[in-house]
2 protein chains.
Amino acid sequence: MTPFRYSALLTDFYELTMLAGYFEKGMHEDEAVFDLFFRKNPFKGSYAVFAGLETALRYLEELRFTDEDIAYLDALGKFSADFLDYLRDFRFRCKVIAPPEGTLIFNHEPLLTVEGKLAEAQLVETALLNIVNYQTLIATKAARIQGAAGDGVVLEFGLRRAHGPDGGLSAARGAFIGGVRSTSNVWAGQVLGIEVKGTHAHSWVMAFADELSSFRAYADVFPDSAVLLVDTYDTLRSGVPNAITVAQELRDKGHELLGIRLDSGDLAYLSKQARHMLDEAGFPEVKIVASNELDEYVIDSIRKEGGRIDIYGVGTNLVTAAGEGGGHLGGVYKLVRHAGRPKLKVTSDVAKATLPDRKRLIRVVEPDGTFHQDVMCCENESLKPGDMVFDPTNPAHRKKIPEGVQCEDLRQVWMDDGKIKKELPALDACADHCAAQLKRMPNGCLRLYNPHIYKVSISQGLNALRSRLMEKYLED
Amino acid sequence: MTPFRYSALLTDFYELTMLAGYFEKGMHEDEAVFDLFFRKNPFKGSYAVFAGLETALRYLEELRFTDEDIAYLDALGKFSADFLDYLRDFRFRCKVIAPPEGTLIFNHEPLLTVEGKLAEAQLVETALLNIVNYQTLIATKAARIQGAAGDGVVLEFGLRRAHGPDGGLSAARGAFIGGVRSTSNVWAGQVLGIEVKGTHAHSWVMAFADELSSFRAYADVFPDSAVLLVDTYDTLRSGVPNAITVAQELRDKGHELLGIRLDSGDLAYLSKQARHMLDEAGFPEVKIVASNELDEYVIDSIRKEGGRIDIYGVGTNLVTAAGEGGGHLGGVYKLVRHAGRPKLKVTSDVAKATLPDRKRLIRVVEPDGTFHQDVMCCENESLKPGDMVFDPTNPAHRKKIPEGVQCEDLRQVWMDDGKIKKELPALDACADHCAAQLKRMPNGCLRLYNPHIYKVSISQGLNALRSRLMEKYLED
């Protein structure tokens, strides 16, 4: 499913200088555990949608330095022959723990944990962040946009504004997991099996003597799947009437026009007028597609004004994750255990201190299935109703886990000894999982403006471990 | 130079349905001319830096539908066997006209023009936009950041936050052209020949018993290229003093510490303090590197406060083109001539009307070499001092080209009949070209806040052609 081989050199140079250092100091086989997490939910929202796991696992499984890679590194003149020999035989043999793709996840939570030898777990930092940050960001944006569209269909249209060719492919994958299940990107259709959609541009209309001829020509070639772009000249005075003419001509030949597309102007107003005109002319089944700088906020306001749009084409704002708190996901990858000892990145600000050691990520679920909160605890700690849990950024805030809830582990071991050890869910299943999770979020958490913040806590054991480590560092 | 083969399916589906339509209607070999341009300069700035041409030309030259591609399209059940046969033999045989990479370009100007058969010129729309939009966006951001850094060196650090793996590679390429000539991305180093940089992360420090041991270990392995990250515990009380200890130990062995890196806190203040401590200790040559959410505005304010930073590591904000007016470049690709007739996308708003037909793009240069303005004119029109030129968005604004200036053509034919017909400049030459152009911009145009807007005009001939076409359409 990776469209091209991810180079082993898809990494920051400092990963390699650190590896060389660990190797020369005999530390490269030390035991290490790294957590990948982010500190702020994107888009000023209350959640993120985990995505990128399969892409990451395939990269890890295939990770090799080719002869060309070694020759390139050798020519840099910084690395010893012994170290280059080590890289030549390098294989990633760690364990990888994560939730399934499509799982809702939150700030401070370990999305992905890598356990194994220090050098192997360190090297893959950059590529894992690159893959998981972007796909998770886009899956989250897609969930927000699809949420705003309600029962409307959303298409991903963004390839031309994506950040490079693979930006477009990763975007289509992330968007699918978040709920946007079709794309204009034919390569994504081929590689990922996503349904592709699209009909024609303004240039098609301009290549004919007039709009009506262009519509007739298109409908003639694609009589059962024509969506006519009606805004080249004048949407309501020319585009929609010409589309209705062609719809009638198609019907006379035993076909039905599939839809019209609006691409400029006041989409709420134009869609209501167009719907009325189509209905009056006897075409209530013709769909109205709209595009032009759409995002979750625009779609929400169009729907609130009674716009009659069936299908939203969203491009730039989806694939570039535009909007406040968007543009990137600030995932980081931090050492939480080394050579048998839990590790903490110390800082005077407890909100920025990392959460040490191997952890479990627990979802506390109410009897009706609604998510109540998430709790991180130590690996061997059990968690049950009545236990005290703590705000990770302000441990003075504490609360008991209520009675009657279920505690479910969110994460699984996907890779062991560098091999994928269980069948990866199909993309459809990931998207279904995401949709099902969104339905279980507490009231108000999915709101676009000032959402209710979903609670993420740490257990008594993890809080105590962190306090102990912080005191120890501050004493030194 | 393309790190992987760009699939012919790296396109929006509507390009293929339009191609099928043109093919079935016998129009696919009609003569056509398309312009790629954008309507707004990015980042609320006064210019953009053209980049992506070589990547685009390599894609165009190698464009083929493989047997797998044809099989995939066939399975969609929308295309005739004749059309699929046509695609099987499809080659891109058009002419491509553009300025050299690194040229400063402005809104409304045709960055890239494709002339040839309608189907060939149409198919490549999506991929050309994808390539040119992103690389141009990043080259522009890089020029802004390097401009803010003055004589300081800027490193591109953004791979982990880039939009997918190739987002990182394209970013490194665009950034280089814009003036950021080194990267942390080792793959970009290998594929593009860009210098790679990097030393160690916080995890290195945390993997040792204490900070001093970690610094000693790193300096021992890389005695001539160590840059020590000094903010893991306490920058001024622990990090810098420990770095000075190691610098002295290195000197005793005949080596010199290369630098220290600050990655948090008040970078202006910390850099001044660290500079003072290093100088006092006898290490005035040790460089200070800084990173952490930098962009052109932060760098500008650090320098205004007298910060003593030699090298700026810029990641997220560079590769995601963050900031107002950033995130994406809204390039479009419009039909300007078809079957022997100039074409115009009509709209009641003259500011949004396209500029029809084949054009020349002229830079008017003052006697001292300063750029005075750009003018677009018809292909066979000559332009000289004294000629009247018009604001493209408001033709009532007109002005004469002053006496004494030179008029220079900005664009060249790079590809003819689908073959690259001239040697492409090396990446270094593109970056030098950009740097030289930036020095020739009029006063105030490079300002970060409310820059002076560089003038872009259309000639008398082009204005007359557009007016004539608009009247004709409005009459119909």
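This is a predicted model: local features need pLDDT of at least 70, side-chain atom pairs count only at pLDDT 80 or more; totals for chains, interfaces and linings use all residues.
Chain A is divided into two parts: domain 1 takes in 13-138 + 326-475, and domain 2 covers 198-314. The C-alpha centres of domain 1 of chain A and domain 2 of chain A are 46 Å apart.

Aromatic rings come next. A search of the whole structure, over all chains, gives 32 aromatic pairs. A pair of aromatic rings is described by the distance of the centres and the angle of the planes. For B:W204 and B:F208, the ring centres are 4.9 Å apart and the planes meet at 45 degrees, so this pair is tilted. B:W204 counts as buried because its relative accessibility is 0%, under the 20% cut-off. B:F208 also counts as buried, at 11% relative accessibility.

B:W204 and B:F208 belong to one aromatic cluster that has members from chain A and chain B. From chain A the cluster includes A:F13, A:Y22, A:F23, A:F65, A:F79, A:F83, A:Y86 and A:F90. From chain B, B:Y218 and B:F222 are also among the members.

Rings also take part in contacts with charged side chains. In chain A, A:R363 lies over the face of A:F371, 4.6 Å from the ring centre. In chain B, the charged end of B:R363 sits over the ring of B:F371, at 4.6 Å from its centre.

Methods
Residues are numbered from 1 along each chain as its sequence is written. Chains are lettered from A and ligands numbered from 1 in the order in which they are written. Side-chain values use heavy atoms; hydrogens and water are left out. Rings of Phe, Tyr and Trp (its six-membered ring) pair if their centres lie within 6.5 Å; planes under 30 degrees apart count as stacked, over 60 as edge-to-face and the rest as tilted. Buried means under 20% relative accessible area, exposed over 50%, partly exposed in between (1.4 Å probe, protein chains only). A charge sits over a ring if NZ of Lys or CZ of Arg is within 6 Å of the ring centre and within 35 degrees of the ring normal. Domain bounds come from an automatic or database domain assignment.
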